[in-house]
Amino acid sequence: QLGITSLRVGASGNASSPNAANYDESKAVLFPNLPALLTLKNGTQVKTKKVWETKRRKELFEEFDREIYGRVPANTPKVNWVVIESKESKLGTMDVIIQKLQGVVDNSSFPSIEVKMDLTLTLPKTTDKPVPVILEFGFVFPPGMRPPTAPAGPPEPTWQEQVLARGWACATLVPTSVQADNGAGLRKGIIGLMNKGEFRKPEDWGALRAWAWGASRILDYFETLKQVDAKKVALMGHSRYGKSVAVAMAYDSRFATVFVSSSGEGGLKIHRRDYGEKVENVAGSGEYHWMAGNFIKYGGPLNWNDLPVDAHELLALSAPRPVFVGSGSTGDSWVDPKGMFEACIASDPAYRLYGLSGINQVPFPAIGTGILEGQIAWRQHEKGH
């Protein structure tokens, strides 16, 4: 459909490969000028939050829809949430209620494709008021593969235990129950359901937006629960799911805040940097399904500098809400920590329109040094991916 006959090869994680990923900062910046965040397409400068909200945001969403993440169909179906199991349990020292839910998507338009979203919600057993929720995009490890082992020494409380100890709730969405994490799955899942099993068109949505759509349908459900404070739902995602929660936060203003972990290319890493993973990787055969079909052009006939928008503008679409951006250190160079930090810095002016401090213009901080004062927080932890 795009008329592309060949694509450039992406970066390789193998240091001896002829196309090995670049980790030399002096060679990283090929296109130093980012798209202007606060300039309308007609050249007018954006100086007020009213112009930002009524004009510039719409321009940015249009570019991201058309060229980067794809358009969500206007007629997406309703989701009916069913409690499959509810049981009392303990999480650490906390008494909790664990609910396993399924979001059954109305497939009457094309019954041969079923979509059932998997969600686990863990609530404090006793609470006298609606509680905040941390909603994680969770990985499901296939047979034979296990999550990283815990470090030696006394066990640290899990993030879920820490959340419950505050009197909050935690929830986990399995994004692949919304849309498969591979190109073959594009004719199934919510994208396939909307396309009635046919191939996508170049502006159709990819998996990142489909997963984000799933999170918004969970928020719809949370708004109906008396136990949940739906105005205080935070998103959390790592790696490819870090990309998707950044998208979900930008597109759905109901989410209160987000932790974007190691999102890299296609997330909050500046596209116009040759460091670690780059556009060609995400436009290639293993990852193109995350994006709109149109994104593939930028790994072939077009280049990174032809992209109409960049990652700082995606982050800015979350303003004025707080965003925490993070990554690892050793073993996490692939996601270009400095490229994500530069997106934080470049998105700051959108927050200033609201009279808020985004993130101060400071040098790239040392590993373990958090910048936590403004609405955009940053920290690079000491561990790997």
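Modeller: In the lining of the second largest pocket, nine residues are nonpolar, five are polar and three are charged.

Biologist: Happy to start there! What makes a residue nonpolar, polar or charged in that tally?

Modeller: Ala, Val, Leu, Ile, Met, Phe, Trp, Tyr, Cys and Pro count as nonpolar, Asp, Glu, Lys and Arg as charged, and the others, Gly among them, as polar. A word on the ground rules: this is a predicted model, where local features need pLDDT of at least 70 and side-chain atom pairs need pLDDT 80 or more, while totals for chains, interfaces and linings use all residues. Residues are numbered from 1 along each chain as its sequence is written, and side-chain values use heavy atoms, with hydrogens and water left out.

Biologist: What volume does the second largest pocket have, and which residues are closest to its centre?

Modeller: The second largest pocket has about 350 Å³ of space. It is lined by 17 residues, and Gln1, Arg200, Tyr288, Gly293 and Ile296 come closest to its centre.

Biologist: What makes one space a pocket and another a cavity?

Modeller: On a 1 Å grid over the protein atoms alone, a cavity is a set of points where a 1.4 Å probe fits but cannot get out, whereas a pocket is an open set with protein on both sides within 12 Å along at least five of seven lines; a lining residue has an atom within 4 Å of a point. Points are joined across faces, edges and corners, and the volume is the space filled by probe spheres set on them.

Biologist: How many cavities of 30 Å³ or more does the search find, and what lines the largest?

Modeller: The whole structure gives one cavity of 30 Å³ or more. The largest cavity has a volume of about 40 Å³. Its lining is made of Ala246, Met249, Val258, Val260, Leu268, Leu314, Leu315, Ser318 and Val323. Helix α5, strand β7 (257-261) and helix α7 (311-316) each give two or more residues to that lining. By class, eight of the lining residues are nonpolar, one is polar and none is charged.

Biologist: Why is α5 called a helix, and how does its reach compare with the expected one?

Modeller: Helices (H or I, at least four residues) and strands (E, at least two) are DSSP runs numbered from the N terminus. Helix α5 covers residues 240-251, twelve in number, and its first and last C-alpha are 17 Å apart, close to the expected 16 Å. That expected span is 1.5 Å times one less than the number of residues.

Biologist: How do you know whether α5 is covered?

Modeller: Ten of its twelve residues are buried, including Ala246 and Met249.

Biologist: Why does Arg217 count as buried?

Modeller: Buried means under 20% relative accessible area, exposed over 50%, and partly exposed in between (1.4 Å probe, protein chains only). Arg217 has 18%, so it counts as buried.

Biologist: What makes the meeting of Arg217 and Asp220 a polar contact?

Modeller: A polar contact is a pair of N or O atoms within 3.5 Å; within protein, one must be able to donate a hydrogen and the other to accept it, and residues adjacent in sequence count only if both atoms are side-chain atoms. The side chains of Arg217, which belongs to helix α4 (207-222), and Asp220 make such a contact at 2.7 Å.

Biologist: Why is the pair of Arg273 and Asp336 called a salt bridge?

Modeller: The term needs a side-chain nitrogen of Lys or Arg within 4 Å of a carboxyl oxygen of Asp or Glu. Arg273 and Asp336 qualify, with 2.7 Å from N to O. Arg273 is in the loop between β7 and α6 (279-283) and Asp336 in the loop between β8 (323-327) and α8 (337-352), so the pair ties together parts 63 residues apart in sequence.

Biologist: What is the distance between Glu342 and Arg273?

Modeller: Their closest N and O atoms are 3.7 Å apart, and the pair forms a salt bridge. Glu342 sits in helix α8, so this pair ties together parts 69 residues apart in sequence. Arg273 has a relative accessible area of 1% and is therefore buried, while Glu342, at 27%, is partly exposed.

Biologist: What makes Lys196 and Ser262 stand out in their phi values?

Modeller: Lys196 has a positive phi of about 50° although it is not a glycine, and Ser262, also not a glycine, has a positive phi near 50°. Lys196 is partly exposed at 42%, whereas Ser262 is buried at 1%.
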